[in-house]
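Morning, everyone. Have a look at it before I start.

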Amino acid sequence: MTRTFGSWPRKLAVGWLTLVVLTALLASVLPLPYSPGVPDLLNASEPPFTSGSHWLGTDPQGRDVLSLLVFGARTAVLLTLPAALFSAIVGGVLGGAAGFCGNRARVAFPYWLLAVGVMWWALQLPLPMLGVAVAALGAGLAAAAQLRENTLAAWPVPINALVMGAATTLDTIPRLVLVVAIAAGTGLSTTGLLALFTLTTWPHAARLVRAQMLRVRTLPFIEAARAAGVTEYRIWLQHAMPHALQPLRTAFPLSVAGLLGLESTLSFLGIGLPPNVASWGRLMATVRVAPDAWWSFIFPSIMLILSIISLSSLSKKQ
Amino acid sequence: MKPTFSGSLLLFAAIALLLQGCSSPEDKSSSIRVRWSHDPETLNVLQPPSQPAFDAANLIYTSLLHSNFSTEKLEPALAEDYPTTQYIGDSLTRLSYHIRSVATWDDGRPVLATDVDFTLKLMFCPGLPNETAQLEFDFIRALIPDPNDPRHFTLECRGQSLEYPQSSGEFFIVPEAAVDPKGLLRRFTLAELQRLPPNAPADSALVRVARQYQAFAPGALPGCGPYQLSAWEKDRYLTFRRKEKWWGSKIQPTPFVLQARPSQLDFVIIPDASTASLALQRGDLDVFPQVPAREFARLQNSSAARAKLAFYSVPSYDVVTAGFNTRRPALADALTRKALGRCFDTAGLIKATQLGAGQQTVGIISPLDRANYNDSLAPLPFDLTAAAAMLRQAGWRRESTADDAGLVRTKAQGELQRLRLVVRYRAEESTFATAALQFQAAAASIGVAVSLLPTEAGSFAATLKSGDFDMYVRTLKGNPFMFNYVPLYHSRALGQSNVTGFSTPASDRLIDAITRARTPKRKSQLLRRFQTMLQTEAPIIPLFFLPTRVAANRNLTGLHVNSLKPGFAITTVERSAVPSPTTTP
Amino acid sequence: MAWSLLWRFSRTLLAVWALASVVFLLSHHDTDTAAQFALSDSSEFVGSGSSSDSAKYQAAQSAVLHRLGLDLPLFYVGRITFSPSGASQWQWHGFANQYHRWLTGVLKGDLGTSFRTGQTVSARLLQALAYTLPLTGTAAMLSVLAALGLAQRLAAGPWWQRPVRTLLVSLHALPLFVVALLLLLLFANPEVFAWFPTYGLDQPTTLTASPWARTATYVLHMVLPITALILTALPDLTLQLTASLTHELGSDYAATARAKGLSGSAVIRHHALRNALLPTLTQIAELLPALVAGALVVEVVFALPGMGRLLAEAAASRDYPVLVGGVLLTGAARLLALLLADLLYLWADPRIRWQP
């Protein structure tokens, strides 16, 4: 632990992040003069540090900037951070698999039967029970093969093509189309939003990790491990992945900022969080309607920048 | 790898400073530059799809009647005078128009009744983008030409209404000779085209006419208006030049609606309001209509901007309105709706969103319309105590199990109703968001649980139509000419444009009586009753009328800022050599 | 090698087709909204003269659907729900469907016509690309060069490394519209510095000016948008490249090279850069689709025409032919970029084998 808290910048970073997390967790019990969802219509767009009781001023809708910052920290810690983490994990695993296996990974044919059967049933194609039967057959064959330890015919799965294709599709579909297709008019729950964030941001991580993996898998120690008889799966997980995930160290803190931006864009399109949930991104976005209300932009920016600098200094190697 | 970032920036700065000399003051005298936030996309004369498209079409084409922006009335433009009205029996109206004898197309041909007839038929020609026009003008049953005078004709209309003389003259006239030189459409009568079944096999003559109409590039179809489209760069600008021989100027004195003062008009498309404001301050732009409230106030308070710009703010006919889905059992009674209506702090909303420039109202008729506005009513007050009392009166009580679980009531059949509301509004509008937030906070204090659902602008209308909402906050766009409330509140429009789902036999009768009223006095009596009815039944809560804000270069005269769209008179603007004295009202 | 390239290329084509089909099917889901854009929304107008019968309105709506070709079934097969029982079943619709019509059109090189303007989609896309490519192309080139230059110096670890990194991270935290608005409010504001013009590519009045003056005006108009784009692309690129350069410098071969007496910058340039480029290459390759897709925010703030605005407005107003055409174009660019990135990996690190 002493190593982690080594230098001064690190101590500061840890301190700041702890503060943000504590604020987020204690947001509802903090003695704030105003609640973040209640607009003070008579004092809308009030500058900070003036006579009024709003210390950091109000946004153009009359909401207290200080409360928005505090409750925005909660949203950031409970939504943005997990979303960034999930998309890094999903992207890392998928990108790593795509880079390592390429299109050559093979899957024994009972599993193919299983997958086709389940698909048949899920799509409710004619005679859905046929699908169940096919799936059952696949499962049975797989179990039998497992017991008798004999190898079955295997067909290749183009993992690389599948992952990259999915990533490309998600990147290229205009966000509005996606939004309308996924949540046309019904709005999203917090979990749904988390899923949507993960869905739209993992491709970037996947590309970075795949690119690194392409290089890592040609390194001598992988060959050495293979020669030593380590299984492919273990080589991937224990030898290749730690190196391939390297680019995410830099990318992860930056992706938090990207997600905050995405959150405000989605709100603008009419999906995102309900307007009574505070968020730093949305507070920053008010600069668009009121460029002269600098306070509603500067304060969340400072919070965000400090948090990202802290995250990135923690993610660096000592 | 030498050109690093800082280096390139320095290079750019140097280029910029060098070039500053080249782009010295441009010749700004001739053209008037107006900001539009969107490209008009198409100038379809039959049904201009947006306000910019309508304004652009208005320069190229002319209609029989035209809004006079200084008096805010419809006045004869292509027609010599208002039509004469003749009621036949109790279900037909005949309107006789006479086209001005000086009116000509660009090639010198006169504008005749056959052109009007052709335009009406084109509106019902299948395969053309004319569906809205069909809905709007299907009350005209036939055009009866005058055998003795090719400029004189009579429109025969179904039904009788005080508004027909106005609404019958509000479409742009298309030249028959340019689109249909062979007179293919003359073989059909208007009634035949109107009766054409939607899935009828395509008639070759109609297909030919439709193709010929669509072969014209946007704005290239000749019109009898004062301007010609001389350049259209998509998403950048549209330039209009005044015709050298414009027939309107032969009439002396030229009526207001036929005046065409600027020799060139440029409409520049600037999506972002801050950018437009900067351009206006720098003199790269002359007129900035619909300035956002805060930007307007900021400019008014800046001495540098005051020296260059003039500011105008007048009330408009657009009203911010909250509405209820009356089909929901919890919102089916007027008492609950009226109680909820008292949760809107209208005065505070006007202060916060419009900086005090809006106007509270009792109904959807503007207080500007002194004859018809019902001034004996008072706007709903912001009164939470009264609201809570009214809710109790309507049978709502707090659920006994938990304190913040909201209000419930038991109906006669023993079913339990809950008062939980979903408020929808267009996501990108901050005025609606502020109103919804304020309502949510106020309603929460009297125990009503409200959740907000900002909705993507495109799907908003469809969602309301499908009834997937409890309340909405939106702008209703009005005008001083038409009082036809059938689309909004009649039972005939249920499932379509009557999104509140409100209708009673009495309200249906009242709305029908308004459209049929024969004298203005009778009509205004009925309209006053209609406003009272809307306030007692409260299917909607009209909050306030929005202002129109226009900022323009101070050396412009003849702007005639007014309550109609687009907010000022484009064709009478002139640049005076001497800056005009401040005209800020 | 040639075979492998051909195989990859055909796979890319297949992927473009799949992508465009997905978007086509996703977007055409919602035809009623598209029809409503063609009709005026009469629930929004007080006292419109429009005839208001629900039946008439419905008829007008189906006329719009018919005119736009949206009244056909969407795909070859679809699920039909039987209203009384609520049961649903798959049904074959035959070849008279929207997807078939669109696909045959695309194969003949016809992307369709825009719902809103009646213009052909390809003309509209080409027009927008002609504006977008110079803007985004210049910005991408300059930011890659700047990132390469900056990262090499940062990796050498000079004293100013930490503040510059902090600055870059802060810059990255600012959304693009903030950067663009700040630039505008600083350098095109008569109250601060009015060095650059505020909007557009040129003024309508300069159409008659000499070619030299027109070029000058054009360049002047592009300075702020390009700067905004560079400022937003730079931090990510530079930080990633610096990180992998630092990582490479810590490895054995770099230590060996240094032991041979090479200077720090020489080690970076001759040894580490090539290896470090790998993850960054993905990012650089990703700039290619961004070139085609345009930069919506910058286009909006500086009132420039281009692909970003075209596609955003098409999506907002459900102009499906333009939208799908645009996605086809961007998707093709993205998949080509992927191919290009793979080729570049091969160049940067010949040990990487091509996958079958």
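**Helix packing and chain contacts**

A word on the source. This is a predicted model: local features need pLDDT of at least 70, side-chain atom pairs count only at pLDDT 80 or more, and totals for chains, interfaces and linings use all residues. Residues are numbered from 1 along each chain as its sequence is written, while chains are lettered from A and ligands numbered from 1 in the order in which they are written.

Back to the pair. Helix H1 of chain A covers residues 8-26, and helix H2 of chain A covers residues 65-101. Their axes come within 8 Å and cross at roughly 105 degrees. Axes are lines fitted to C-alpha atoms, for helices over the stretch in contact, with angles from 0 to 180 degrees between N-to-C directions. Helices are DSSP runs of H or I, at least four residues, numbered from the N terminus.

Who meets whom? From H1(A): A:Val20, A:Val21, A:Thr23 and A:Ala24. From H2(A): A:Val70, A:Ala73, A:Arg74, A:Val77 and A:Leu78. That contact divides into seven nonpolar residues, one polar and one charged. Nonpolar means Ala, Val, Leu, Ile, Met, Phe, Trp, Tyr, Cys and Pro; charged means Asp, Glu, Lys and Arg; the others, Gly among them, are polar.

Next, chain C. It puts 75 residues in contact with 77 residues of chain B. Contact means C-beta atoms, placed from the backbone, within 7 Å. Which helix of chain C gives the most to that side? H3(C), with ten residues. By class, the side of chain C that touches chain B has 37 nonpolar, 28 polar and ten charged residues.

With chain A, the contact takes 48 residues from chain C and 46 from chain A. Here the chain C side has 30 nonpolar, twelve polar and six charged residues.

Last stop, chain B. Helix H16, residues 457-465, is mostly covered: seven of its nine residues are buried. Buried means 20 or more other C-beta atoms within 10 Å of the residue's own; exposed means 12 or fewer, and partly exposed lies in between, again with C-beta atoms placed from the backbone. Among the buried residues are B:Phe460 and B:Leu464. H16(B) is followed by B:Gly467, whose phi is positive, near 80 degrees.

Note on methods
Helices (H or I, at least four residues) and strands (E, at least two) are DSSP runs, numbered from the N terminus. Two residues are in contact if their C-beta atoms, placed from the backbone, lie within 7 Å.
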